[in-house]
Amino acid sequence: MNHVLVRRRGIAVAAVLALTAGGLAAATGSANAANLLVNPGFEAGNLTGWSCTSASVATAARTGSHALAGNATASDNARCTQTVSVVPNTTYEVSAWVRGNPVYLGVTGGPSTWTGATAYTRLSVSFTTGANQTTAQLYLHGWYGSGTYYADDVSFDGPGGGPEPGVPAAPARPTTGAVTGDSIALSWPAVTDATGYRVYEGTTLRATTSGTSATVTGLGSCETHTFTVTAYNANGESARSPEASATTTGCVDSGLPRHALIGYLHTSFANGSGYVRMADVPDAWDIINLAFGEPTSVTSGDIRFSLCPVAECPNVESEAEFIAAVRAKQAKGKKVLISIGGQNGQVQLTTTAARDRFVSSVSAIIDRYGLDGLDIDFEGHSLYLNRGDTDFRNPTTPVIVNLISALKSLKARYGSRFILTMAPETFFVQVGYQFYGGAGGGDNRTGSYLPVIHAMRDALTVLHVQDYNSGPVMGLDNQYHTMGGADFHIAMTDMVKAGFTVASTGHRFPGLREDQIAFGVPAAVSAGNGHTAPAAVHQALNCLARNQNCGGYTLRGGASPAIRGLMTWSINWDRYYGWEFQNSHEPFLNALP
């Protein structure tokens, strides 16, 4: 393994691939009801009821006369889906008879399974709908370049959803309107037979109205709120609408440029790329993350940081010179943060004592060097979710709860100008769309950053997910995206902006503000898997900021002209390769709208 990878980044590729290929083991048993699918055996002789990217009906049937034939090419996994109405808090089973190598069956945002078989083989998974879930989507697909697969006798077994007789249907997703420092306006289409509507935030009733709009007041400034709407009449209340989120105005200016270049500086080690003194970091870098503060033991919470030893870094500056250089950067408007974690810095705040030690030791580092804030780069097994911890909005796992509490304490200690950034891998964020660790049956780390991001969203300055050292990840188009090109950055970043349903939990993770979003790429081929050529990075930024040249991908979150920028591992590797990253991307960022 490349030395930089050993030192810098934990790679969750194997775990991602294991989930993608092997699926999750779900609870057995299903609700006893008729098959909810339309045309489940394809006996209509066509794809009525199904939505497919590259498929047809063939005569290679298991039963009857017809079966699905999906043609998986190098660029298309021949995904076929069908969406049905379901009942909240109810267990369903989906199944299909398939042949091909491989063939996948699953529920979007929920469990999946696969097989490779020359004869028809039955696949099945079961799942339980969330508390507010009214629809679910079954999917079948092959794998890129693997040729034709077949499926027949597909089943979605359980009670059908929809409103009770006389009860209005659920409203469509509300649209957010005027936003102030303490209010958010909402509107939605009228629902037939409704006499009124209720607006909820979580389980709290925020407004009741006979019309199709409402303004929720009494909110705090720079806060993100998520709402649902129900319709009601004398017969009862509908299911809830899809969620809508908005952020009130009044956010404190972070002091960063509109578009920022963010880089990690190997401060405590050289890592084969050579030591770069703080004073020699070019002014192109707007946020400099000092890598790394690491714990004295995994569960101690006691974080230590020191400059690289002279034996490893002969040109290392003295501490006094380092502090003076930090002050000089800050005088030019740059932000210098201590980054905690990295591959070797496993941090598990399993107890409140470890939480308190984390706060005191990180504060001591910030105070000693006069830093602007903190970057959380927890990797490996630092964060995980205990089985049954399925609501990212109300986590119960100690390592999650204690980290959130620690970050809130640090934010309160240093105030509104405190810079907080995070650098999770895709495994801990976007993979949560398919798999969420607390739901059980798979890797309990999947999606485990989501409760931390959500709890800190009003204090978070920048989230820059590592779009590298990653396996293929399913995007909001329900296609797998692979690192190394513009497509991966577009799809992964769009997920953070638009938000997404978290696996089979029935809860939706609201997107972040565009000014809170950047994405991370390796500075050079030696810095990590997934290096992306500058032209492809620029294509991704043009798509994300301007909604131009998106390569066929449709942005679910819309254009983000205020996207914060780019992060890279690392400044040292960029210097080693002649500053290609800095020289290519800083001018491009400055030219964005």
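User: In this predicted model, which residues is asparagine 572 in contact with, leaving aside its neighbours within four places in sequence?

Analyst: Beyond those sequence neighbours, asparagine 572 contacts Tyr264, Leu265, His266, Ser273, Gly274, Tyr275 and Val276. Asparagine 572 itself belongs to helix H9 (residues 571-576).

User: Does asparagine 572 count as buried or exposed?

Analyst: Buried means under 20% relative accessible area. Asparagine 572 has 0% relative accessibility, so it counts as buried.

User: How is a pair of packed helices described?

Analyst: Two numbers are used for packed helices: the angle between the axes and the distance between them. Here helix H4 (residues 352-369) packs with helix H5 (residues 398-414) at about 35 degrees, and their axes are 9 Å apart. The crossing of H4 past H5 is right-handed.

User: Which residues make the contact?

Analyst: H4 contributes Thr352, Arg355, Phe358, Val359, Val362, Ser363, Ile366 and Asp367. From H5 come Asn402, Ser405, Ala406, Ser409, Leu410, Arg413 and Tyr414. By type, the residues of this contact are seven nonpolar, five polar and three charged.

User: What does phenylalanine 358 touch, apart from neighbours within four places in sequence?

Analyst: Its partners include Ala406 and Leu410, along with Gly301, Ile303, Ile340, Val347, Leu349, Ile376 and Phe378.

User: Which residues touch the most other members of the largest nonpolar core?

Analyst: A nonpolar core joins buried residues through side-chain atoms within 4.5 Å. The largest one has 123 residues, and Leu290, Phe358, Leu374 and Met422 touch the most other members. Helix H7 (residues 486-498) gives the most to this core, eight residues. Another core, of 26 residues, lies apart from it; Leu37, Ala96, Tyr149 and Ala151 are among its members.

Technical notes. Residues are numbered from 1 along each chain as its sequence is written. This is a predicted model: local features need pLDDT of at least 70, side-chain atom pairs count only at pLDDT 80 or more; totals for chains, interfaces and linings use all residues. Side-chain values use heavy atoms; hydrogens and water are left out. Axes are lines fitted to C-alpha atoms, for helices over the stretch in contact, and angles run from 0 to 180 degrees between N-to-C directions. Helices (H or I, at least four residues) and strands (E, at least two) are DSSP runs, numbered from the N terminus. A crossing is left-handed if the near helix is turned anticlockwise from the far one by less than a right angle, and right-handed if clockwise. Contact means heavy atoms within 4.5 Å. Ala, Val, Leu, Ile, Met, Phe, Trp, Tyr, Cys and Pro count as nonpolar, Asp, Glu, Lys and Arg as charged, and the others, Gly among them, as polar. Buried means under 20% relative accessible area, exposed over 50%, partly exposed in between (1.4 Å probe, protein chains only).
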